[in-house]
Amino acid sequence: MLRTIALTLMTLIATTLVGCGATPMIAAGPTEPAAALAKAPQGDRVLVFATMELKKFDSNRDGFLSQAEYVAARFADLRFVTAPTAAETATIKAGLAKKFTGMDLNRDKKLTPVEFRADFV
Ligand SMILES: [Ca+2]
Ligand SMILES: [Ca+2]
């Protein structure tokens, strides 16, 4: 139940932020292939947002999101009415790890902005 609420909240927050109308300016990260961003349709605001979010969560600044970075960042975004138990925390983090795996299309255990984009649609 907590997991469902948490994931629903994440989706709602992401949808709200993407739909706010602001078009942030970004540049490709040092390791993000410029070609990947160049392939994105013009005006792909979701990709722009995903790129900004990735940079924010990329704690080791390698230009990608590792599973640990993704889980830590998404878990930190969650707000709870009451603190989750250790078991609930483990369940939520396992769900986030599973979601990461689903987004990691080439199975290299890291997310590019293009892969991370799926987190916001
Ligand atoms: Ca990283
Ligand atoms: Ca990947």
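Q: Which residues of helix 5 are buried?
A: In this predicted model, Ile92, Leu96 and Phe100 are the buried ones in helix 5.

Q: How do you know that the span of helix 5 agrees with what its 18 residues should give?
A: Helix 5 runs over residues 86-103, and at 1.5 Å a residue it should span 26 Å. The end C-alpha atoms are 26 Å apart, so the two values agree.

Q: Why are helix 4 and helix 5 called oblique to each other?
A: Their axes cross at roughly 130°. Roughly perpendicular stops at 115 degrees and roughly antiparallel needs over 145, so helix 4 and helix 5 count as oblique.

Q: Where do helix 4 and helix 5 touch, and what is the hand of the crossing?
A: Helix 4 (residues 67-77) and helix 5 have axes that come within 9 Å, and the crossing is right-handed. Helix 4 brings Gln67, Tyr70, Val71, Arg74 and Phe75 to the contact, while helix 5 brings Ile92, Lys93, Leu96, Ala97 and Phe100. Ile92, Leu96 and Phe100 are also the buried residues of helix 5.

Q: Why is Phe49 called buried?
A: The cut-off is 20 or more other C-beta atoms within 10 Å. Phe49 has 23 such neighbours, so Phe49 counts as buried.

Q: Where does Phe49 lie, and which residues are buried in that helix?
A: Phe49 is in helix 3, residues 45-57. The buried residues there are Leu47, Val48, Phe49, Ala50, Thr51, Glu53 and Leu54. As for its span, helix 3 has 13 residues and reaches 18 Å from first C-alpha to last, close to the 18 Å expected.

Q: How many residues separate Phe49 and Phe116 in sequence, and what is the distance in space?
A: They're 67 residues apart in sequence, with their C-alpha atoms 9.9 Å apart. For the chain in general, 71% of the contacts between residues at least 6 apart in sequence join residues at least 24 apart.

Q: Is Ala68 buried, exposed or partly exposed, and why?
A: Ala68, found in helix 4, has 13 other C-beta atoms within 10 Å. Exposed means 12 or fewer and buried means 20 or more, so Ala68 comes out as partly exposed.

Q: What makes the phi of Arg61 worth a look?
A: Most residues other than glycine have a negative phi. Phi of Arg61, though, is positive, near 55°. Arg61 is placed in the loop between helix 3 and strand 1 (65-66).

Q: Where does Arg107 lie, and what is its phi?
A: Arg107 lies in the loop between helix 5 and strand 2 (110-111), and its phi is near 55°, again a positive value.

Note on methods:
Residues numbered from 1 in each chain as written. Chains lettered and ligands numbered in written order. Predicted model: local features only at pLDDT ≥ 70, side-chain atom pairs only at ≥ 80, totals over all residues. Contact = placed C-beta atoms within 7 Å. Helix = DSSP H or I, 4+ residues; strand = E, 2+ residues; numbered from the N terminus. Expected span 1.5 Å × (residues − 1). Axes fitted to C-alpha atoms, helices over the stretch in contact; angles between N-to-C directions. Parallel < 35°, antiparallel > 145°, perpendicular 65-115°, else oblique. Left-handed = near helix turned anticlockwise from the far one by under 90°.
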